[in-house]
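Subject: Ligand site, handover

Hello,

Here is the structure we discussed. Please look it over before reading my notes below.

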Amino acid sequence: MSTVFLNGDYMPIEEAKISPLDRGFLFGDGIYEVIPSYFGKMVGFQAHIDRMNDGLKAIGIELNWDDSQWLALCDKLSSSNGGGPLGLYLHVSRGTDTKRFHAFPTNVSPTVFAMAFEIPVPKTPCLDTVGNGYALTSTEDLRWKRCHIKSTSLLGNVLHFQEGFDAGSQETLLFNSKNELTEASASNIFIVKDGIIATPIQDNQILPGVTRRLIIDILTKDGTLTVQERIVTLDEVRAADEIWITSSSKEIAPVTKLDGVAVGTGKVGEIWLKASTLYTENKFSY
Ligand code: PDD
């Protein structure tokens, strides 16, 4: 049984109840985060909380929580859910109104909900044990123009994920109307060509992924690999030697097939191994 947090109290998930007039339920009017935690140690806690605060500010939800309150919540959530490898899910909606009306209600308190779910324990990066890599499907990005906000309104992402899923893929790679890479339905994307790593610039077309930021930071500090933030075209993606998808729960996952075609040699690449090894060695310092 999992223990969750709802508006100040911890309880078994079966006991957590919200009103159907909650703006999160009616409008997807809220912000969420997923923080990876491995046996009580989180990766990128501060960056996740900062991104959530940016999101709350962007949509005008006032919640006067400080970082130490989020830290205490995350610690308690982890320990009360077995303390293993967990995704800590934090969710703040605008709150419960008295009617369904689009305008922001006044005098409502945000709903704060948090739960934990199991995530895989990351393996030591190794070309012999990594397996086959992900297969992706590509499609035009039809979501909204505020993808930098980690909103709970995820229907656009869900529909894109489902497209790939129905086609037998594990993620859906997205490109804009100019045939430029944006991201994937629940991950950021990196490509590698001739040893150079590139990822789309951080703008309103993508989520500012914490894993993405940590990878760029770790690789830049290390200095042995070159990583560029720039426009990446779909043609470049198709011609890449390697493609990676990144997220808090997947870390850096290699992609070996795109739309049924092998990526590079069709095998997981050496640059993935180097980048993943550096990420594994350094992630807990964030
Ligand atoms: N997804 N882009 C999108 C659209 C995402 O939903 C996510 C994460 C990412 C990667 O962000 P990060 O590295 O901060 O996890 C990029 C989460 C985990 C989810 O919705 O479950």
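Predicted model: local features only at pLDDT ≥ 70, side-chain atom pairs only at ≥ 80, totals over all residues.

Residues are numbered from 1 along each chain as its sequence is written, and side-chain values use heavy atoms, with hydrogens and water left out.

The shell around the ligand holds 20 residues (a heavy atom within 4 Å). Y32, E183, V210, T211 and S248 come nearest.

A polar side-chain atom of E183 sits 2.6 Å from a ligand nitrogen. A polar backbone atom of V210 is 2.8 Å from a ligand oxygen. For T211, a side-chain N or O atom lies 2.5 Å from an oxygen of the ligand. The protein buries 88% of the 480 Å² that the ligand exposes when taken alone (Shrake-Rupley, 1.4 Å probe).

Elements giving two or more residues to the shell are β3 (30–38), α2 (45–58), β9 (181–184), α5 (210–222) and β13 (242–247) (DSSP runs; helices, H or I, at least four residues, strands, E, at least two). Domain 1 (3–118) and domain 2 (134–285) each supply at least three shell residues; the bounds come from an automatic or database assignment.

Best wishes

Note on methods. Polar contact = N/O pair within 3.5 Å; in protein donor to acceptor, adjacent residues only side chain to side chain.
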